[in-house]
Amino acid sequence: MSYLKFDKTLMINLQESLSREILRANQKGAYHSTSIVDCNTRKYHGLLVMPVPELDDDNHVILSSLDETVIQHGAAFNLGLHKYQGECFSPNGHKYIREYSMEIIPRTLYRVGGVIMSKEKIFSRTGNHIFIRYKLLDAHSVTTLRFHPFLAFRSVKELTSANNNINKDCKEVKNGIKTCLYPGYPELYMQFNKEVTFVSEQNWYNGIEYPKEQERGYPYKEDLYVPGYFELEINKGESVIFCAGDKACDTDGLLEQFDKEISTRMPRSSFYSCIVNSAHQLYYNPKEENYYLLAGYPWFKVRARDLFISVCGATLLIGEHDRYENIMRTAVKALYAFIKEGKTDAVIREMESPDVLLWAIWSMQQYRMKEGLEKARDKYLDIAGEIIRFILSQSHPNLKLSDNGLLYSNGRTTAVSWMNSMVNGRPVVPRSGYIVEFNALWYNALKFYKELNGNIPRDRIDSLIASLDVSFPSTFVNKYNYLFDYVDGPGQDWSVRPNMLIAISCIYSPLSKTQKRKALDIVTKELLTMKGLRSLSPKSGGYRPNYIGSQYERDLAYHQGPVWTWLINMYVSVYLEMFGRSGLSFVERLLISLEEEMSQHCVGTVSELFDGNPPFTGRGATSFLMNLSAILTVMDMLKKYEI
């Protein structure tokens, strides 16, 4: 039985099925995404979405969708589904769906009268190609299939309107056509594994709506161009494969290639395999020598902080050592370029953020905990030393070392931490001064460097550590036994936020066990949910739990109450440190709650964030790297308790 399976009852209920999305990606940044009933609900959805570097660094929707029609005895049954104005859905192809599963690849089973047909989709790992296999499982008479391709040729950030500027030429290629609507785009090849008839019938389909964009306060209507339709006959037991991509495919080998692609896929038959599979979707290798992790889909690129927080969990902890080595090799080159030359990397964004260097050392420490001190020293002693020297020399433009050993960062006019939402050019959460996790990570970095036995004078490192042993608790521990979020001169931020959790979860901490325990109690009472940690306590001023509405409203709420799953591994590490084996059942319940997300939102993965109040609805990006890495890290933590 499939782990990810939905029956007819759910599929024909659009309120349920439209809220569930799918994502399949290759390692070049291209992807396929839609809802489980193949009705696009976002402008980011499409059958083939890919980078077009000749135009910009955005992804572009090339082929939006493909409507299939089953024809028997002259009667046509359209299996497509689009939303139009006034909650009008047409042509209502979802009513023919009998089941949907995703254990290995997405598979839809249709029944139209006496016709039973399956549709399976797979996205190529090696190129920008989407393959769809149709198999006629049963039919009592001659069956014809007709396919209408809906073309967009636009950025994922834009929408298309009917216009006369398109190139309507369609050129025949083997078993299909190629076309390109606008200059600068690659040609789109649409081909089958058998001879097919293409009928030119040019039409604009106007007023297609994307409800997810409407919810988010963006323009949500567009017109899509259909150049005509393909038609072929299919016999009972026969498989027909459709391929769309930016290069011609070997039509004679499509059946074999489809089977080969399936054989390399990991079955999603458990929570663990789903999370690993989703992590694989975020590997990014645009050029042979450079390897990265995308921060999420469908709109995030590579971000330095996310990469360093996640790389160990998303690669090393699942046994993918080579991938870890490749990603870190690329990242370390970017670190050196920033430290030595002041250059920010073209792909790894936000390298200049003041906490990124501290997270980089934290990431190296995670490697040490998994692979041992000697390997960590061999790989990372030099770069760790360069980072610490860079900070000690006051070379970072927004990370200054104070006489008390604490690091100061100015966040009044720009967001400097992971709480980075901005409104009207100003940070919503203006964290400035001595920021709690920055300084906990700094203390941790110094202690880790001392463990590596680097060549920065030992007395300099020891002196800083001794200063922080005094200044950190005296600065951040308040009379209510939790930690200030930041302290700027006489100003102290009393908000209860999860950044104190980052501080108390560091392997090396200037806090006593009692201080950590009391802070954990506050975090548990006010921030913990079964989906992760709230970004702000409901008892603190400005609590906005729901990440909904316009861009402005969502930016205001982003770090003012919604739940972030990526912090869960830090919570669990402290919780198990305090309670040991007696805390296992509680941690397992947390994982069970997160496992429920496998059949929600984007199926098989975890959303970027959740509303801060029940029912904790998933919001934001459909698949988020740091959340996947955190869950894999918690699963790895539990292994040491296995008997």
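In what sense do strand S5 (residues 59–72) and strand S6 (residues 75–78) pair, and over how many bridges?

Modeller: This is a predicted model, in which local features need pLDDT of at least 70 and side-chain atom pairs count only at pLDDT 80 or more, while totals for chains, interfaces and linings use all residues. Residues are numbered from 1 along each chain as its sequence is written, and side-chain values use heavy atoms, with hydrogens and water left out.

S5 and S6 pair in the antiparallel sense, over four bridges. Two strands count as paired if DSSP finds at least two bridges between them. Strands (E, at least two residues) and helices (H or I, at least four) are DSSP runs, numbered from the N terminus. Within this pair, Thr69 stands opposite Asn78 in S6. The hairpin has two residues between its strands, and His73 takes a positive phi near 55° there.

Another antiparallel pair is formed by strand S10 (residues 107–112) and strand S11 (residues 115–123), over six bridges. Here Leu109 is placed opposite Ser118 in S11. Both strands belong to an open sheet of nine, in the order S1-S9-S10-S11-S12-S19-S16-S15-S14, with antiparallel pairing. Its edges are strand S1 (5–7) and strand S14 (170–173), each of which pairs on one side only. From one strand to the next, the twist averages 15°.

Helix H4 (residues 254–263) packs on that sheet, touching S11, strand S12 (129–138), strand S16 (188–192) and strand S19 (239–245). Contact means heavy atoms within 4.5 Å. The direction of H4 makes about 100° with that of S12. Axes are lines fitted to C-alpha atoms, for helices over the stretch in contact, and angles run from 0 to 180 degrees between N-to-C directions.

The buried residues of H4 include Leu254, Phe258, Glu261 and Ile262. Buried means under 20% relative accessible area, exposed over 50%, and partly exposed in between (1.4 Å probe, protein chains only). Viewed down the axis of H4, the buried residues fall within an arc of 100°, so they line one face of the helix. The arc is that of the directions from the helix axis to the C-beta atoms. An α-helix has 3.6 residues a turn, so residues three or four places apart point the same way. Glu256, Lys260 and Ser263 are exposed on the other side of H4. The cover over the buried residues of H4 includes S11, S12, S16 and S19.

Next come the salt bridges. A salt bridge is a side-chain nitrogen of Lys or Arg within 4 Å of a carboxyl oxygen of Asp or Glu. The search of the whole structure finds 44 of these. In one of them, the side chains of Arg42 and Glu21 meet at 2.9 Å, N to O. The two residues are 21 residues apart, with Arg42 in the loop between strand S3 (31–35) and strand S4 (46–51) and Glu21 in strand S2 (residues 21–25). Arg42 and Glu21 are both buried.

A further salt bridge joins Glu222 to Arg154, at 2.8 Å, N to O. This pair links strand S18 (residues 221–234), which holds Glu222, to strand S13 (residues 143–155), which holds Arg154, across 68 residues. Glu222 counts as buried because its relative accessibility is 1%. Arg154 is buried too, with a relative accessible area of 3%.

Glu325 and Lys379 also meet in a salt bridge, at 2.9 Å, N to O. Glu325 lies in helix H7 (residues 321–341) and Lys379 in helix H9 (residues 373–392), 54 residues apart. At 22% relative accessibility, Glu325 is partly exposed, and so is Lys379, at 33%. Separately, salt bridges that share partners join Lys5, Glu99, Arg107, Glu120, Arg133 and Asp259 into one network.

The last item is Asn627, in helix H17 (residues 625–639). Its relative accessibility is 0%, so Asn627 counts as buried. A polar atom of the Asn627 side chain lies 2.9 Å from the backbone nitrogen of Trp566, and the side chain of Asn627 also reaches the backbone oxygen of Glu608 at 3.1 Å. Leaving out residues up to four places away in sequence, Asn627 touches Thr565, Trp566, Val606, Ser607 and Glu608.

Definitions and conventions:
A polar contact is a pair of N or O atoms within 3.5 Å; within protein, one must be able to donate a hydrogen and the other to accept it, and residues adjacent in sequence count only if both atoms are side-chain atoms.
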